[in-house]
Amino acid sequence: MGQICDGYILGIVGIALTYATGVLGLNGFWMGLIGAGALFGILLGSLMGGIIIDRVGRRVAYTFVAAFSLILSVVQFFISDPAILAAVRFLLGMCVGADYTVGVALLSEWTPERIRTKMMSWLMAAWTFGYIISYFAGLLIASMGGDLGANGWRWIISSSAVLALITLIVRVGSPESPSWTLAKRGSKEALELVHRYLGTNYGLPPETEEKGSASFAKLFSPELWKNTLTSCTFFLCQVLPFFAISIFLPVVVKGLNIANPHASGMLYNGFTMVGVIIGILIADMISRRAFLMWTFYGAGAILTVMTVWQNMPPTIALVLLGAFSTVLAISIVAEWLYPPELFPTELRGSGVGLTIAASRIGAGMGTWMLPVVMEQYGVTVTLGCCIATLFIGGVVCQILAPETSPKFMKVRPGTATASV
């Protein structure tokens, strides 16, 4: 529910602003600032959230971020000043960023290893579902325009309160992470948690990693810097083209001479969901490095063909658009699966938080720069930037990405890894 709510919060603002422009007197500057406010808020929220939960635990933050998301979602309904709305969107983004960090850490530390890949993969499916349904929910609310009057945009943007309330209800009473409890309070309390919530037939994982320092600086130590750089780079290189193209899809498809941008948008979103499902099904069948490398290279290759072939037939253009959406969506499954595997327990919150913060730089750059670059240089140069980003991600993963999938790691029997 947290991921569904987070995806919805980020997706609903685009439709809401379409109907708020005249009412609030928004110009391009305020449209961009309000639209990207939550993305930049995620950057700060994920960084702060990661550091905090590594020190005080996951449980309290897990409930509080849902409560604050609910409050801020409702507050949006009563705002008439663009500056205040941008500030509230920034704060809501901080909640989303903190929720990304604590949710990923808590679930990964509660899930038995044999099903962890599938469980973590479904987080991205949930986020994608929330992001997509915001589009249709916004259109549904907008269709009531005559009855809602000038407040239509308010009902649209604050509709995330419904999902935030459900999230808060289901999270009340959630337990603390057994891994964090083991590291901070000892095995007795951790084992009590496992027995209480999973059953006495479950136990603690073997203590295969030494209890190290939780200092943020250790993320850049000789032992972890490659993991940190890989985690931040692959996430950034995925979300920049994803947000840039999905948010401004009508502009992009118009530049590619694809007719009916609304139908293209439905096709793109539909194949995004299909791609996430495919990614979940294959994530545990191939190595993490191969999964990252070939989804980057595949999406980059398809987008290159779409960019170079200027006058392709509309049918082929739609097929390639669907293929690109599918491959890019397959790749994002790794966003909640791979980062937790790259960092030890005492630094997992900080590492995932830093990764999410870096990714928001990519999302913010994509959201702000795509319309500017397209206006100044055209669709070819704009998509060229996205292509370069995808290939950079692939090269970095090919050179630096460590393998974390137990099936494909070259480890002697009985030897454990430092990352899981």
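**Note on the predicted model**

1. Confidence by helix. In the chain, helix α12 (residues 249-255) has the lowest confidence, at a mean of 59. Helix α8 (residues 160-171) has the highest, at 95. This is a predicted model, and these values are pLDDT means from the predictor.

2. Confidence overall. The chain has a mean pLDDT of 82. Of its residues, 87% reach 70 or more. One stretch needs care in reading: over residues 411-420, pLDDT stays under 50. For that stretch the model has 16 contacts beyond four places in sequence.

3. Main core. The largest nonpolar core holds 99 residues. Leu10, Phe243, Leu303 and Phe324 have the most contacts inside it. Helix α1 (residues 2-24) gives this core its largest share, twelve residues.

4. Second core. A separate core of ten residues is also present. Among its members are Tyr62, Ala98, Leu106 and Leu193.

5. Around Leu303. What does Leu303 touch, leaving aside residues up to four places away in sequence? Its partners are Ile245, Phe324, Leu383, Cys386, Ile387 and Leu390.

6. Surface patch. Nonpolar side chains tend to be buried together in soluble globular proteins. Now look at the surface. Met1, Val162, Leu165, Ile166, Ile169 and Val170 form a nonpolar patch there. Together they have about 520 Å² of accessible area.

7. Ile169. This patch member lies in helix α8. Is Ile169 buried or exposed? Its relative accessible area is 56%, so Ile169 is exposed; the cut-off for exposed is over 50%.

Definitions and conventions. Residues numbered from 1 in each chain as written. Predicted model: local features only at pLDDT ≥ 70, side-chain atom pairs only at ≥ 80, totals over all residues. Heavy atoms only, no water. Core = buried A, V, L, I, M, F, W, Y, C linked by side-chain atoms within 4.5 Å. Buried < 20%, exposed > 50% of the residue type's maximum accessible area, 1.4 Å probe, protein only. Helix = DSSP H or I, 4+ residues; strand = E, 2+ residues; numbered from the N terminus. Contact = heavy atoms within 4.5 Å. pLDDT = per-residue confidence, 0-100. Patch = residues over 30% accessible without salt bridge, like charges linked within 9 Å, V, L, I, M, F, W, Y side chains within 5 Å. Areas by Shrake-Rupley, 256 points an atom, 1.4 Å probe, with all protein chains shown as cover. Salt bridge = Lys/Arg side-chain N within 4 Å of Asp/Glu carboxyl O.
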